[in-house]
Amino acid sequence: LNEIEIDKDIYAKANFTDDFIAFISNKYKPKPTPEQILGYIYAILHAPTYRKRYEEFLKIEYPKIPFVDDLSNFKKLSELGQRLINLHLLKTDSNSTLGEFKLKGNDYIEKPKYDPKSERLYINSTQYFDNIPEEVWNFEIGGYKVLYKWLSERKTSILSYQDITTFKKIVYVLNETIKIMKDIDKIYVNNF
């Protein structure tokens, strides 16, 4: 059998303009990898101050991505962005106690109801996910509370073991995202 040789460069080629490559090459020595650049951009797009500043513009267009002058801050932001990417792709394992599913019952989702005092997210009158920080409960993407939307889309359904595992992972990812966004913002605010 003849093996077909695959040109790996076709699949790994970055989609950057020549002007952008020249800009990056002049700005940072050594030149960052495409993965580092993606991580950096992802981090900037998750900086709360950046999101607030460009809130209206982000609804209709892609605003300019500012690049820090300091290579070490570029690398820090890139690493934080890469961590976010892995989290958002659910490429993480968690032994977190966040979102533990409590009490035996029918696992039927009636209507999600959050109790901030106990940090419990009830799916019915007796069963709940425990240890849901209020910040996680209120976290929004696209104007929707993530946890509420996820459960509401499954309303009148019975949670499977896989559903419970997935939900717990989402809680963990949101909690970590909030922490990382705060770290990103500290660097962003001090550099722009």
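These entries record what I looked up about aromatic rings and the charges over them in a predicted model.

Basis. I worked on a predicted model, in which local features need pLDDT of at least 70 and side-chain atom pairs count only at pLDDT 80 or more, while totals for chains, interfaces and linings use all residues. Residues are numbered from 1 along each chain as its sequence is written, and side-chain values use heavy atoms, with hydrogens and water left out.

Entry on pairs. I found 16 aromatic pairs in the structure. F20 and F23 make a tilted pair, because their ring centres are 6.3 Å apart and their planes stand at 40 degrees (rings of Phe, Tyr and Trp, the last by its six-membered ring, pair with centres within 6.5 Å; planes under 30 degrees apart are stacked, over 60 edge-to-face, the rest tilted). Both residues belong to helix α2 (residues 18–27), where three residues, about one helical turn, separate F20 from F23 (helices are DSSP runs of H or I of at least four residues, strands runs of E of at least two, numbered from the N terminus). I noted F20 as buried at 19% relative accessibility and F23 as partly exposed at 35% (buried is under 20% relative accessible area, exposed over 50%, partly exposed in between, with a 1.4 Å probe and protein chains only).

I then looked up F101 and F129, a tilted pair at 4.8 Å centre to centre with 50 degrees between the planes. This pair links distant parts of the chain, with F101 in strand β1 (residues 100–102) and F129 in strand β4 (residues 128–130), 28 residues apart. F101 and F129 are both buried.

Entry on clustering. One aromatic cluster comprises F16, F20, F23, Y28, Y40, F67 and F74.

Entry on charges. I located K149 over the face of Y144, 4.7 Å from the ring centre, and R154 over the face of W150, at 3.7 Å from the ring centre (NZ of Lys or CZ of Arg must be within 6 Å of the ring centre and within 35 degrees of the ring normal).
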